[in-house]
Amino acid sequence: MTEQPSAPDGPLIPMPALTPAALRAAVAQIAPAQLPSFVEHLDRAVEQAAAQSTIAPLRTFLLWWGEFVAIERYPARTARLRELEAVAEEATDREALRSALAEMRQMTDLAQREIST
């Protein structure tokens, strides 16, 4: 994961495998402040998986953090998502809110496609 962006809007790192170790390394590189949340979420997922005798909580964890990395590895996407979150939070009319949420949904849909390939 040492790839440098080939263009100003390119990814900081390649998309990692959806494994705890690969995602942890990616989060450490692109959003180190989120590592405590990553570890806490992983611990909860492991506990839930053991208690429920299912891997579903682990799968949910991997998909959530995969989507996070898919967005955060592109600085322009990250910046735009923060802008949209601010617009949605401060929106005073339904159309502004609807527009911001629609663009956020497009962004998450793109991230989901990236992690499923």
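Trainee: In α5, which residues are buried?
Mentor: Ala100, Met104, Met107, Thr108, Ala111, Glu114 and Ile115 are the buried residues of α5. Their directions cover an arc of only 110 degrees around the axis, so they sit on the same side of α5. Keep in mind that this is a predicted model.

Trainee: What is on the other side of α5?
Mentor: Arg94, Arg105 and Gln106 are on that other side, and they are exposed.

Trainee: Why is Glu114 called buried?
Mentor: Set the value against the cut-off. Buried means under 20% relative accessible area. Glu114 has 16% relative accessibility, so it counts as buried. Glu114 lies in helix α5.

Trainee: How do you know that the length of α5 agrees with a helix?
Mentor: Compare two numbers. At 1.5 Å a residue, the 22 residues of α5 should span 32 Å. The end C-alpha atoms of α5 are 31 Å apart, so the two agree.

Trainee: What does the span of α4 show?
Mentor: The 16 residues of α4 should span 22 Å at 1.5 Å a residue. Its end C-alpha atoms are 23 Å apart, which agrees.

Trainee: What puts the buried residues of α4 where they are around the axis?
Mentor: First, name them. Arg77, Thr78, Leu81, Leu84 and Ala88 are the buried residues of α4. They cover an arc of only 125 degrees around the axis, so they are on the same side of α4.

Trainee: Now the loop between α2 and α3. Why is Ser53 called exposed?
Mentor: Exposed means over 50% relative accessible area. Ser53 has 70%, so it is exposed. Ser53 is placed in the loop between α2 and α3.

Trainee: What makes Thr54 partly exposed?
Mentor: The range again lies between the 20% and 50% cut-offs. Thr54 has 31% relative accessibility, so it counts as partly exposed. Thr54 is found in the loop between α2 (35-52) and α3. Thr54 and Gly10 are 44 residues apart along the chain, and their C-alpha atoms are separated by 37 Å.

Trainee: Now the largest pocket. Where does it lie relative to domain 1 and domain 2?
Mentor: Between them: domain 1 (18-73) and domain 2 (75-116) both give residues to the lining, so the largest pocket lies between the two. The volume of the largest pocket is about 170 Å³.

Trainee: Which helices each supply at least two residues of that lining?
Mentor: α3 (56-72) and α4 (75-90) do. The largest share, six residues, comes from α3. Lining residues include Trp64, Trp65, Phe68, Leu81 and Arg82.

Trainee: How many residues of each class does the lining have?
Mentor: Five are nonpolar, two are polar and four are charged. Glu67, Glu72 and Glu85 are among the lining residues, and Glu counts as charged.

Trainee: What is the pattern of the whole protein along the sequence?
Mentor: It reads α-α-α-α-α. The secondary structure comes to five helices and zero strands. Along its principal axes, the C-alpha trace spans about 45 × 35 × 25 Å.

Trainee: What share of the protein counts as buried?
Mentor: Of its 117 residues, 34% count as buried.

Methods
Residues are numbered from 1 along each chain as its sequence is written. This is a predicted model: local features need pLDDT of at least 70, side-chain atom pairs count only at pLDDT 80 or more; totals for chains, interfaces and linings use all residues. Side-chain values use heavy atoms; hydrogens and water are left out. On a 1 Å grid over the protein atoms alone, a cavity is a set of points where a 1.4 Å probe fits but cannot get out, and a pocket is an open set with protein on both sides within 12 Å along at least five of seven lines; lining residues have an atom within 4 Å of a point. Grid points are joined across faces, edges and corners, and a volume is the space filled by probe spheres set on the points. Helices (H or I, at least four residues) and strands (E, at least two) are DSSP runs, numbered from the N terminus. Domain bounds come from an automatic or database domain assignment. The expected span of a helix is 1.5 Å times one less than its number of residues. Buried means under 20% relative accessible area, exposed over 50%, partly exposed in between (1.4 Å probe, protein chains only). The arc is that of the directions from the helix axis to the C-beta atoms.
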